[in-house]
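Subject: The structure I promised you

Hello,

Here is the structure we talked about, with my notes on what turned up in it. I hope you enjoy looking through it.

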Amino acid sequence: MRITRDLLIKAAKTLVQQRTLRDKTILCVYLTGSVIDDLPLLGGTADIDLIFVHETPPPQPREIIRLTPDVHLDLAHHDQSIYNQPRELRVDPWVGSYLLKDPIVLHATQHWFEYIQATVNASFYQPETILLRALPMAERARQTWLDFQLGLQEPFPQRIWMYLQSVEQAANSLAVLEGPPLTERRFLLQFPARVSELGYPGMAAGLVDLIAPNMPDRSTLEDWVADWKKTLSKIGQLESCPIGLHPYRHDYYTRAVEALLDDEPAAAIWILLHTWTRAIVSFKPDQESLDQWTSCLTELGIYGDYFQQCMRTFDQFLDQVEEIIEKWANQAGIDLSEMPF
């Protein structure tokens, strides 16, 4: 079957029609994500991101539904209370961006979506509001770095997971100066363009240095992919498997990585590293799985004896992030010391 944007939108409409017929608490459903950008496929796989807004608290926050072996639907279920203060969503880089980045409304009652979207849109793109989305992410990344300095120096899986999240926050604090935050699969594919738009293309290489100081060869990458797949398979069999690592999403990740190995190895490494580490911290791994993950990170240069150098590099990266944000604010005529943050 040939996967097209029209086919994905049609599948989304069909599911929404089925759900809204039997569940009258659904206030609104809108389509967002890569389908909106007409870039749904990576490695021949895609997901369809739908946000359901309910009048009452939904029974679960997220669902994964398989459509075909190559496509799944990713349903986020929101309580309408999230939207009770739409002005606050202007400084929410995620929900605010979903509302404004050309969403396709598939179901709505009483002009609910139009009102929320219009309220969020007011001043969303003003420099002060953009900074209120960027600064908290940069601050959280810096706080994680500080916590590492004050805590135990020896890394372990949970600390590596915290480190990767803080790297993501630091990078996205720059990305949101020019658009919505970057998501997992295209994080390192799209970051270079964002920082180039800002006038700092060198930050892309700086980000790669934070996750792969020692770039491996193709053969090593293939070995890591094989080990990573084994860990995904193991966690996918557990009832406690995180919804983001649901078995229906495994091909979504693995085939994307395989498609990127030759031309975009750093982007492939980010997906592998992010999902592999999330899997490792989400269950008690067997020794083989832990050893394989540890070996990968050690060879990359971000584990064991390398971790302290990694922290120094991260400190320098954060310094640059903070300087860029400050310069951006100055160019907009804003004094950061007067910002309400």
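Contact here means that heavy atoms lie within 4.5 Å. Please keep in mind that this is a predicted model.

What covers the buried residues of H8? The cover includes helix H9 (250-260), H10 and helix H11 (287-300). The residues buried in H8 are Thr220, Leu221, Trp224, Val225, Asp227, Trp228, Thr231, Leu232, Ile235 and Gly236. H8 itself takes in residues 218-236, 19 residues in total, and from its first C-alpha to its last it reaches 27 Å, close to the 27 Å expected at 1.5 Å a residue.

Helix H12 (residues 307-331) can be looked at in the same manner. Its 25 residues should span 36 Å at 1.5 Å a residue, and the end C-alpha atoms are 36 Å apart, which agrees. The buried residues here are Phe307, Cys310, Met311, Phe314, Phe317, Leu318, Val321, Ile324, Ile325, Trp328 and Ala329. They pack against helix H4 (127-150), helix H5 (157-175), H6 and helix H7 (202-211). After H12 comes glycine 333, which has a positive phi, near 75°.

Now for the sheet. Five strands make up an open sheet with mixed pairing, and their order is E3-E4-E2-E1-E5. Which strands stand at the edges? Strand E3 (62-68) and E5 do, and each has a single partner strand, so one side of each is left without a neighbour in the sheet. On average, neighbouring strands of this sheet are turned by 20° against each other, direction ignored.

Here is how some of the strands are joined:

- E1 and strand E2 (residues 46-54) run antiparallel and are joined by six bridges; leucine 31 stands opposite leucine 50 in E2.
- E1 also pairs with strand E5 (residues 104-108) in the antiparallel sense, over four bridges; in this pairing tyrosine 30 stands opposite valine 105 in E5.
- E2 pairs with strand E4 (residues 71-79) in the parallel sense, over nine bridges; valine 53 stands opposite histidine 78 in E4.

Helix H3 (residues 112-121) packs on this sheet, where it touches E1, E2 and E5, and its direction makes about 60° with that of E1. Is strand E1 (residues 26-32) largely enclosed or left open? Seven of its seven residues are buried, so E1 is largely enclosed by the rest of the structure.

Arginine 19 lies in helix H1 (residues 5-22). Is arginine 19 buried or exposed? The cut-off for buried is under 20% relative accessible area, and arginine 19 has 15%, so it is buried. Leaving out residues up to four places away in sequence, arginine 19 touches Ile26, Phe52, Glu63, Ile65, Leu75 and His77.

Next, the aromatic rings. A pair of aromatic rings is described by the distance of the centres and the angle of the planes. The count comes to 10 aromatic pairs. In one of them, the rings of phenylalanine 124 and tyrosine 125 have centres 5.0 Å apart and planes at 80°, so the pair is edge-to-face. Phenylalanine 124 counts as buried at 3% relative accessibility, whereas tyrosine 125 counts as exposed at 51%.

Phenylalanine 187 and tryptophan 270 make another pair, with ring centres 4.6 Å apart and planes at 35°, so this one is tilted. That pair links distant parts of the chain, since phenylalanine 187 is in helix H6 (residues 187-198) and tryptophan 270 is in helix H10 (residues 265-282), 83 residues apart. Phenylalanine 187 is buried, with a relative accessible area of 0%, and tryptophan 270 is buried with a value of 0%.

There is an aromatic cluster as well, formed by Phe148, Tyr163, Phe307 and Phe314.

Finally, here are two places where a charge meets a ring. The charged end of arginine 142 sits over the ring of tryptophan 145, 4.9 Å from the ring centre. Likewise, the charged end of arginine 185 sits over the ring of tyrosine 252, 3.7 Å from the ring centre.

Terms used:
Residues are numbered from 1 along each chain as its sequence is written. This is a predicted model: local features need pLDDT of at least 70, side-chain atom pairs count only at pLDDT 80 or more; totals for chains, interfaces and linings use all residues. Side-chain values use heavy atoms; hydrogens and water are left out. Buried means under 20% relative accessible area, exposed over 50%, partly exposed in between (1.4 Å probe, protein chains only). Helices (H or I, at least four residues) and strands (E, at least two) are DSSP runs, numbered from the N terminus. Two strands pair if DSSP finds at least two bridges between them. Axes are lines fitted to C-alpha atoms, for helices over the stretch in contact, and angles run from 0 to 180 degrees between N-to-C directions. Rings of Phe, Tyr and Trp (its six-membered ring) pair if their centres lie within 6.5 Å; planes under 30 degrees apart count as stacked, over 60 as edge-to-face and the rest as tilted. A charge sits over a ring if NZ of Lys or CZ of Arg is within 6 Å of the ring centre and within 35 degrees of the ring normal. The expected span of a helix is 1.5 Å times one less than its number of residues.
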